[in-house]
Amino acid sequence: MMKKGTTLVIAVTCLMIAGGWLAGKRDRGGAPTDVPKAAAHETSSSGPQAGAAMVTTPQTSAAGRSESLDDRPLAEVRAELERRAQAGDARAASRLGQAFLHCNKLPILTDDKIDDAIVEVSARGGNILGELGVSLSPADQSSLLKAMMRFVQARCANAQGLDEADASAQALRWVERAAALGDADAQALYGGAVLNAYDVRSAIAGAETLRDRLRQAREYVASSLARGDALALLQTQAYLGNGIYPPNPEAAYAHLYAYSLTPRSGDLPPELLAVMLSDASRTLDAGAIDRAREQGRRLAACCGAGGGARR
């Protein structure tokens, strides 16, 4: 029984990293202290996010299936994507990077396995979702996890079976390539790919390179925001306090709230977005929440604000 519960906890961690959430919770030493220039005028003085993160759906190419390759299995088109990416195709590089970032070694869990493990962990006085699940009943945790599982399976449907030992390095390679070629989603995701690729040892050994990449991440997410890419709002929320920007709970909530007002928020399961919004506001008083929501409404104007989830 213990093994099954432990397995699910590991799987849930994979899911939440795939959603860009846990990556924003990691404690990273030596966090830079500057604020994204494109968002600085909208934030409090202490700063406006990372992680794996992020969450995105493929953009459909106007050239259709033969050009985008988004609707064909990765195993079938990987060599072609790599060739195109090397030749300067930003979308091909972005698809490769996001597949390695989100879909490698992805666990597939049935509803029964989720329910059984929640019962087991709840009986021991815990919860599967850790900090994120403290306010959720076992039934609500089950509903959320099932929604997340459906979401991740759908997003990674064309990358099933991806099992690479160096996925983090490959994700950074291709996201970095796509970002340099101007793909706005890849620019938003670049910081998460950087943080995923560095453990403590490599961060110490390559401290100067890491600093340069984190500086580049800040420039990229600002560029992505300036171009109206709503994913950059979600990423900025995660980057606040995880090593790309210093902690700023009010600004983090503002960016997440802004994301919830955009059509792009439909990429996330509504249940997950609602829990994220609730969690992000947990340390804020009523005045801070009001200020953050007002700031969020201004920020959302960049990215097609429309009926998203609100909390």
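**Exercise 1.** Are Tyr253 and Tyr257 buried or exposed? Work out, too, how the two rings are arranged.

*Solution.* We are working with a predicted model. Start with accessibility: Tyr253 and Tyr257 are both buried. Now turn to the rings. The centres of Tyr253 and Tyr257 are 6.1 Å apart and the planes are at 25 degrees, so this pair is stacked. The cut-off used in that step is that planes under 30 degrees apart count as stacked.

**Exercise 2.** How many aromatic pairs does the structure hold? Describe the one that Tyr190 and Tyr220 form.

*Solution.* The count is 2 aromatic pairs. For Tyr190 and Tyr220, take the distance, 5.2 Å centre to centre, and then the angle, 80 degrees between the planes; the pair is edge-to-face. Tyr190 and Tyr220 are both buried.

**Exercise 3.** At what angle do helix 5 and helix 8 pack? Classify their packing and name some contact residues.

*Solution.* Helix 5 (residues 90–102) and helix 8 (residues 167–180) pack at about 155 degrees, their axes 7 Å apart. Angles over 145 degrees count as roughly antiparallel, and the two helices are therefore roughly antiparallel to each other. The crossing of helix 5 past helix 8 is left-handed. Contact residues include Leu96 and Phe100 of helix 5 and Trp174 and Arg177 of helix 8. By class, this contact has 10 nonpolar, 4 polar and 1 charged residues.

Key:
Residues are numbered from 1 along each chain as its sequence is written. This is a predicted model: local features need pLDDT of at least 70, side-chain atom pairs count only at pLDDT 80 or more; totals for chains, interfaces and linings use all residues. Side-chain values use heavy atoms; hydrogens and water are left out. Axes are lines fitted to C-alpha atoms, for helices over the stretch in contact, and angles run from 0 to 180 degrees between N-to-C directions. Helices (H or I, at least four residues) and strands (E, at least two) are DSSP runs, numbered from the N terminus. Angles under 35 degrees count as roughly parallel, over 145 as roughly antiparallel, 65 to 115 as roughly perpendicular and the rest as oblique. A crossing is left-handed if the near helix is turned anticlockwise from the far one by less than a right angle, and right-handed if clockwise. Contact means heavy atoms within 4.5 Å. Ala, Val, Leu, Ile, Met, Phe, Trp, Tyr, Cys and Pro count as nonpolar, Asp, Glu, Lys and Arg as charged, and the others, Gly among them, as polar. Rings of Phe, Tyr and Trp (its six-membered ring) pair if their centres lie within 6.5 Å; planes under 30 degrees apart count as stacked, over 60 as edge-to-face and the rest as tilted. Buried means under 20% relative accessible area, exposed over 50%, partly exposed in between (1.4 Å probe, protein chains only).
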